[in-house]
Amino acid sequence: MAIDLVLKGGVVVAEGGPVQADVAVSGGVIVGLTAAGEGPQARRTVDVTGLHVLPGVIDTHAHHREPGFTHKEDIITGTSAAAAGGVTVSCAMPNVYPPPNTPEVLRDMFALYERKSLIDYNINAASSNPEAIPEIAKMGILAFKIFMVVDTGRDYPHMPGIGVHDHGKLFKMFQAVAKTGLPLMIHPHDQALMDSIEQDFWARGERDFRAYAKAYSSHDGVIWDSAVGTLLQLQRAAGLHLHILHLQTRRCVEMIKAARAEGRPVTAEVNPWTLWLGNDWANIERLGPYALSYYVERHHYEAVWQALLDGTADMIATDHAPHTHAEKEPGWENGWKAHTGTPSAQEYVSLLMTDVNDGKLTLKKAVELLSENPAKVFKLYPKKGAIRIGADADFAVVDMNAELTLNNERIISKCGWTPYAGRKVKGVPVHTIVRGQFVFQDSKVVGEPGRGEKASPVTAEQAARLATAPVTV
């Protein structure tokens, strides 16, 4: 067998944990894991001594803004930023225009990614058109997605047609998606409660970024707790795999833990702004609308962090949400006028590696949250999400000792800014490899648009074949 690539001398974070090893690649897949220095001869050998070789990171929640909103971001810039952050699979969200809630629109959107993406990809189709769900489910998607929120005071990012909060309509979607066997991702929100809460703030003349942050966290997170409680009851009735987004309150953690204890198919994700941004009021004061997404009070942050450690929360996904300065600036005076969300695809691996270096979690656990668990939840495993023979040769090669102060000048996203500017991190991606090809090398994007392929769910036959291959050295 001709070997295309050997990564030599690194610390490989395989499923059994970190081990000094060489990794051999042929035809885009891993064909060998050997003791360090014992790798086979290859067309290309890259010395990664002193570096850690992680499975490629899988981001199941990213807003690339194409089609329809390419002034904010596009597929090329979004997947370039992801590649620079160690991400090898990025899954797009459906709040674009037109939204992918018909087979025709989804097919056109996949064609855009086929031409433009630097890394592997998928699209979480909108479930807002129940009649189209059966056909869309056959198109190789990983999940459906719906927002329970329709924005007030702005028409994006939660525009009509994507946001559904009527419980009867939601239940119809639950029933339709349940028949497909695919997960349903939900942005939880209680629209009726928020309508009441925000009116109270407005009546007092409070509309700035502080009011916006406080409204969404009002009454100890009641809009989140109420929504997740409803979603879990709908899940029980419909029996589908429910994936809860934006986990950010203690009570939501408790409800999800109880559902999982019953053996119900409920999973959850946490986003970077919960862990490193919106969990500190000082960041809200300093950055205003640039820190929002949402404010997460300290006791909620602590509960969410523990949920990541104990497995109640399955993964960290970016919710990468770039907006222009012009779309953020109105939020200083009126938080409801600013487009909500923050970019993070390029930074989140380094933020988590900093926590690893600080002893807050192990590197093995970090890899579970970034790669292995997303792959398992969305049926990409064992083809992706782990370093094992027969799997795709997707790697994030990280210098765990490299220190960096994040800044706007290095940002690849079209928006050109990061809320983490000034943050010191330790643990930085150096190379990103997708199916054996470098897309980010020596801290520079080298991938070409159109290199990415659709990352579809693994079939039972593929899983059975890969399950028989060796797992570690």
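Trainee: In which kind of crossing, left-handed or right-handed, does helix 5 pass helix 7?

Mentor: Helix 5 passes helix 7 in a left-handed crossing; that term applies if the near helix is turned anticlockwise from the far one by less than a right angle, and right-handed if clockwise. Bear in mind that this is a predicted model, where local features need pLDDT of at least 70, side-chain atom pairs count only at pLDDT 80 or more, and totals for chains, interfaces and linings use all residues. Residues are numbered from 1 along each chain as its sequence is written, and side-chain values use heavy atoms, with hydrogens and water left out.

Trainee: What makes helix 5 roughly antiparallel to helix 7?

Mentor: Helix 5 (residues 191–203) and helix 7 (residues 218–238) pack at about 155 degrees, with axes 9 Å apart. Angles over 145 degrees count as roughly antiparallel (under 35 roughly parallel, 65 to 115 roughly perpendicular, the rest oblique), so helix 5 is roughly antiparallel to helix 7.

Trainee: Which residues of helix 5 and helix 7 meet?

Mentor: L193, M194 and I197 of helix 5 meet S218, H219, V222, I223 and S226 of helix 7, where contact means heavy atoms within 4.5 Å. The residues of this contact divide into five nonpolar, three polar and no charged.

Trainee: Why is T77 called buried?

Mentor: T77 has a relative accessible area of 17%. Buried means under 20%, exposed over 50% and partly exposed in between, with a 1.4 Å probe and protein chains only, so T77 is buried. T77 is found in helix 1 (residues 75–84), and touches I412 and K414, not counting residues up to four places away in sequence.

Trainee: How do you know that strand 13 and strand 14 pair?

Mentor: Two strands pair if DSSP finds at least two bridges between them. Strand 13 (residues 266–270) and strand 14 have two bridges, in the parallel sense, so they pair. Here E269 stands opposite M315 in strand 14. Helix 8 (residues 250–261) packs on the sheet, touching strand 12 and strand 13, with its direction at about 145 degrees to that of strand 13.

Trainee: Why do strand 6 and strand 8 stand at the edges of their sheet?

Mentor: That open sheet of three strands has the order 6-7-8, with parallel pairing. Strand 6 (57–62) and strand 8 (120–123) each have a single partner strand, so one side of each is left without a neighbour in the sheet. The twist averages 20 degrees from one strand to the next. Strand 6 pairs with strand 7 (residues 87–92) over four bridges, and V57 has V87 as its bridge partner in strand 7.

Methods:
Axes are lines fitted to C-alpha atoms, for helices over the stretch in contact, and angles run from 0 to 180 degrees between N-to-C directions. Ala, Val, Leu, Ile, Met, Phe, Trp, Tyr, Cys and Pro count as nonpolar, Asp, Glu, Lys and Arg as charged, and the others, Gly among them, as polar.
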